[in-house]
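Dear colleague,

I am passing on the structure below, and I would be glad if you could read the notes that follow alongside it.

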Protein chains: 2
Amino acid sequence: MTDFQNWMFSIQSRMELVLDKLLPPAHIAPQRLHQAMRYAVLGGGKRVRALLTHAAGEMCGASPQKLEFAAAAVELIHAYSLVHDDMPCMDDDDLRRGKPSCHKQYDDATALLVGDALQSLAFQSLAQPDVYTNAARQLEMVNLLAIASGSRGMAGGQAIDLASIGQNLNQAELEYMHIQKTGALIRAATLIGAYCTDEGEVGAGLSIDRTQAIDRYAQCIGLAFQVVDDILDIEAETATLGKTAGKDAQSNKPTYVTILGLSRAKQLAVELYENAVEPLSAYSSEATRLIQLATFITQRNF
Amino acid sequence: MTDFQNWMFSIQSRMELVLDKLLPPAHIAPQRLHQAMRYAVLGGGKRVRALLTHAAGEMCGASPQKLEFAAAAVELIHAYSLVHDDMPCMDDDDLRRGKPSCHKQYDDATALLVGDALQSLAFQSLAQPDVYTNAARQLEMVNLLAIASGSRGMAGGQAIDLASIGQNLNQAELEYMHIQKTGALIRAATLIGAYCTDEGEVGAGLSIDRTQAIDRYAQCIGLAFQVVDDILDIEAETATLGKTAGKDAQSNKPTYVTILGLSRAKQLAVELYENAVEPLSAYSSEATRLIQLATFITQRNF
């Protein structure tokens with residue numbers, strides 16, 4: 001394994017342990033709900049958002065323990081959104097991470113409550129006492145995650161996505177939707193990692209310039225993530241993807257590929273990669289993980 | 001109007017304004033989602049939880065501005081839970097607060113996203129900067145609300161409720177369900193009001209004794225609330241109730257009335273009222289609003 005793969009694997013393994021510990025045990029009542037929450041969160045996913053939290057945090061000298069709870073909060077929000085998005089009244093998808101989606105494995109009512117309870121657990125993880133020394137900064141993180149998840153972030157983007165089915169969007173409208181639907185949480189995941197730095201801690205700290213560079217990176221990589229998603233929806237196999245391939249095309253959803261064509265969509269992903277890493281060039285080795293992650297995200301096949 | 005009615009009316013009016021301001025305007029994209037969020041929250045409800053937040057806060061000398069944002073957070077959690085509970089895969093109820101429930105007025109996907117986004121907005125309201133001076137205390141409030149909303153609180157109670165349909169529960173099992181489903185949020189609403197007191201502020205402050213008395217009150221009044229709910233489900237008219245009367249009985253749900261009978265259920269409500277106000281007797285006039293609210297909650301007809 002390369003050094004980057006080692007880093008990624010060690011964070012993915014740690015996140016599995018942290019999430020396992022945060023989630024209520026399956027034998028505690030209500031058992032079925034807790035089993036379903038664990039089913040929806042554990043044992044799958046590349047934890048891209050958690051990796052972004054860690055990479056941004058490492059660039060700013062944040063400690064691993066703080067990053068773990070923050071990253072877990074973001075992953076719990078992401079997991080809840082997948083459970084709700086897959087439900088029959090939304091995208092109606094039977095497959096997620098190579099397994100039956102939560103409402104197929106359990107039932108619709110349980111899936112609804114799983115999503116609701118995972119969102120609460122995310123804020124519980126981020127607001128817990130005794131981990132962070134700067135309570136005001138921690139509140140900013142809660143606030144940032146709440147805004148990124150809400151009606152002007154992820155949930156709002158999903159509403160626009162549903163309304164866009166069968167519509168002819170232009171690139172600007174599509175971009176606006178994705179900035180909310182996927183971009184807001186990816187941006188929050190990255191910024192929250194940077195916010196985990198406490199003043200006075202050993203490390204590079206959190207200057208305005210540094211925050212702006214990370215924010216610019218996060219916004220570009222959020223869009224790049226979605227462009228690659230749209231390319232994979234066309235090019236990848238369901239087995240590799242772990243969710244139903246060709247789903248967007250079938251359901252007549254506008255995507256970067258339908259609007260730009262495959263070749264221009266691929267070119268856009270490259271441009272977004274370049275725009276993401278450019279502001280980090282001033283930070284040399286401190287930004288290594290963020291740059292490696294940008295490569296990983298834009299060249300992935302899942 | 002009595003002095004209590006005046007107090008209640010003025011808080012209900014203020015809460016309507018605070019919630020109106022917290023909710024995104026209906027003309028901002030995604031418009032349909034924002035319209036539906038406003039539909040689900042504004043113009044209805046007795047704001048019992050907000051009243052509890054204010055009454056407990058007043059007992060501890062908290063300032064109205066702090067109480068408003070905290071009370072709004074609790075009301076947003078409550079409103080989201082009603083939207084999701086009414087959905088077809090849950091209680092499947094067409095009527096709420098005398099109007100079509102959210103998924104009937106809009107659609108299932110919108111109602112799902114409305115609930116999700118209201119939950120995020122609740123945490124945004126509670127985590128906002130510049131209102132509270134004690135960030136660590138504010139984080140405790142976020143943590144308390146998150147736990148009360150999650151799988152070991154409200155969402156967990158709803159899961160047990162769904163699993164209990166057609167089952168023969170005893171009183172202890174029924175109580176366990178309601179402590180989670182309704183009690184947890186009522187308890188959090190009350191405690192959060194007390195937590196709004198800052199150290200050093202003018203007022204009675206937040207001693208351990210006082211917190212324990214308020215907590216005991218909140219736990220008893222949470223159960224009393226549910227016992228009265230079950231009585232009203234039998235005795236009230238749909239028009240007065242603003243939701244479908246007789247629904248629990250029809251759907252074969254165990255209630256205090258089915259388990260204890262009407263007369264013993266009424267006796268239990270009286271006992272819970274007495275247990276709620278007893279620990280407040282040491283605080284004389286400071287606890288007036290909490291005591292008046294206990295009367296109001298146990299003698300209500302809606």
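Two residues are taken to be in contact if their C-beta atoms, placed from the backbone, lie within 7 Å. On that basis, 100% of the interface residues of chain A are also interface residues in chain B, so the copies meet through the same surface.

This is a predicted model, in which local features need pLDDT of at least 70 and side-chain atom pairs count only at pLDDT 80 or more, while totals for chains, interfaces and linings use all residues. Residues are numbered from 1 along each chain as its sequence is written, and chains are lettered from A and ligands numbered from 1 in the order in which they are written.

The contact takes 44 residues from chain A and 44 residues from chain B. On the side of chain A that touches chain B, the largest share, 11 residues, comes from α6(A) (helices are DSSP runs of H or I with at least four residues, numbered from the N terminus).

As for symmetry, chain A can be laid on chain B with an RMSD of 0.0 Å by a turn of 180° and a shift of 0.0 Å along the axis (superposed by least squares on the C-alpha atoms of residues with pLDDT of at least 70 in both). That is the relation of a two-fold axis, and in chain A the C-alpha nearest the axis is that of A135(A), 2.7 Å from it.

Finally, the buried residues of α14(B) pack against α10 and α15 of chain B, where buried means that 20 or more other C-beta atoms lie within 10 Å of a residue's own.

Best regards

Key:
Helix = DSSP H or I, 4+ residues; strand = E, 2+ residues; numbered from the N terminus.
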